[in-house]
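Hello,

Here is the structure I promised to pass on to you. Please open it beside this message, and then read on for what turned up in it.

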Amino acid sequence: MFTRIIVGIDGNDGGRDALALAGRLASADTEIVVVNAFAYEQRPNRGSLGGYEELLREDAHKVLAEITQGDARYRTAAIPDTSPGRALHDEAERRRADLIVIGSCHRGVVGRVLLGDVSRATLHGAPCPVAVAPHGYREHADQPIHTIGVGFNATPESAAALGFATAMARDITGQVRVLTAVATPPSTARSYAYTFDWTEHEAAHRLAAEQELAEATSSLEVSVETETIDASPGVALEGLSEHVDLIVAGSRGWGAARRVVLGSTTDRLTHHAHCPVIVVPSPVTDTVGSRSVVEPPIRDVVAL
């Protein structure tokens, strides 16, 4: 499914986790480019030290060599940029990458995803899907990815996530678990203060969500398991992450076209998930008359 993967490393354990996840997601034909961005701004000034960039680049290549251990499967690139996130974005666009893979913050709990400043900067505005490896993932990266979880709420963004998850499951002959969370708004007063029966409204809302979920998954050509639960989306997806091998999440709807912009649900997920998370960019939406045209973020996504 992935033809070219960019992996961001910085010499810490998170980079090793990211490389392990990239290896798990890659096929035999996938090109894996391991990138180390070193802090240098290519703007000569009177205070510039001759040879300083070369020393930093040499150190970056040493880190790359240490992590990749000379494995011929990997290409390496040391890039001067004061923003590692921007360096990964630029390299992904230049190489037309299908995926960027990053690690979690080293302060996170083992087995959980936790974004640091660099990881968050990489996710926001990314030109392609971004995968985040949980802290310590390299210790059990030999476990196969078979079950892929995804949240669905009948928006173009969740449809793009479902399409991406379906394409992955089809590629690995795996299963998709699709979860819809129906959150009941909290009461602001005693029950007798309401003039209508809220339970009927809640039941109708749930029924509509179940029908939308059934319609979206009825024609998927992979093994699909669906569930509708009463919970907030963030809490629901965090719980789902304990029972799947990977979760796919969508970006916020008002983000730039084909760019990753985290919403509150995805932001929570990328801080508390128990498994790797892939965040896909917002689909390209254009209005033609009264019709909305949604373009999937990758060429292999199933149109829904």
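D98 counts as buried because its relative accessibility is 8%, where buried means under 20% relative accessible area, exposed means over 50%, and partly exposed is in between (1.4 Å probe, protein chains only). You will find D98 in the loop between α3 and β4. A polar atom of the D98 side chain lies 2.4 Å from the backbone nitrogen of T3. For polar contacts, the rule is a pair of N or O atoms within 3.5 Å; within protein, one must be able to donate a hydrogen and the other to accept it, and residues adjacent in sequence count only if both atoms are side-chain atoms.

A word on where the values come from. This is a predicted model, in which local features need pLDDT of at least 70 and side-chain atom pairs count only at pLDDT 80 or more, while totals for chains, interfaces and linings use all residues. Residues are numbered from 1 along each chain as its sequence is written, and side-chain values use heavy atoms, with hydrogens and water left out.

Now for the overall picture. The protein chain has eight helices and 12 strands; helices (H or I, at least four residues) and strands (E, at least two) are DSSP runs, numbered from the N terminus. Of the 304 residues in the protein chain, 46% are buried. Its accessible surface comes to about 15,400 Å², and carbon and sulfur atoms hold 48% of that. Those areas come from the Shrake-Rupley method with a 1.4 Å probe, and for residues only the protein chains shown count as cover. Among the contacts in the protein chain with a separation of 6 or more, 75% are between residues 24 or more positions apart; contact means heavy atoms within 4.5 Å.

Next, look at the sheet. It is an open one of 10 strands with mixed pairing, in the order β3-β2-β1-β4-β5-β10-β9-β6-β7-β8. Strands β3 (74-80) and β8 stand at the edges with a single partner strand each, so one side of each has no neighbour in the sheet. From one strand to the next, the twist averages 25°. Two strands pair if DSSP finds at least two bridges between them. In general, strands of a sheet pair through backbone hydrogen bonds, either parallel or antiparallel.

You can follow one pairing by eye. Strand β1 (residues 4-8) and strand β2 (residues 31-38) pair in the parallel sense over five bridges. Along this pair, V7 stands opposite V34 in β2, and G8 has V35 of β2 as its bridge partner. Strand β2 is mostly covered, with seven of its eight residues buried.

Helices pack on this sheet too. Helix α3 lies across β1, β2, β3 and β4 (99-103), and runs at about 165° to β1. Helix α5 (residues 156-172) touches β6 (147-151), β7 (175-181), β9 (246-249) and β10 (277-279), and its direction makes about 170° with that of β6. Here axes are lines fitted to C-alpha atoms, for helices over the stretch in contact, and angles run from 0 to 180 degrees between N-to-C directions.

How far apart are the end C-alpha atoms of helix α3 (residues 84-95)? They are 16 Å apart, which agrees with the 16 Å that its 12 residues should span at 1.5 Å a residue; the expected span is 1.5 Å times one less than the number of residues. Among the buried residues of α3 are L88, E91, A92 and R95. An α-helix has 3.6 residues a turn, so residues three or four places apart point the same way. After α3 comes R96, whose phi is positive, near 55°.

Two loop residues are also worth a look. Q69, in the loop between α2 (52-68) and β3, has a positive phi of about 55° although it is not a glycine. Q69 is exposed, at 70% relative accessibility. T173, in the loop between α5 and β7, also has a phi near 55°, and T173 is exposed at 67% relative accessibility.

Last, please find D17 in helix α1 (residues 13-25). Is D17 buried or exposed? D17 is buried, with a relative accessible area of 0%. Its side chain reaches the backbone nitrogen of Y137 at 3.2 Å.

Best wishes, and enjoy exploring
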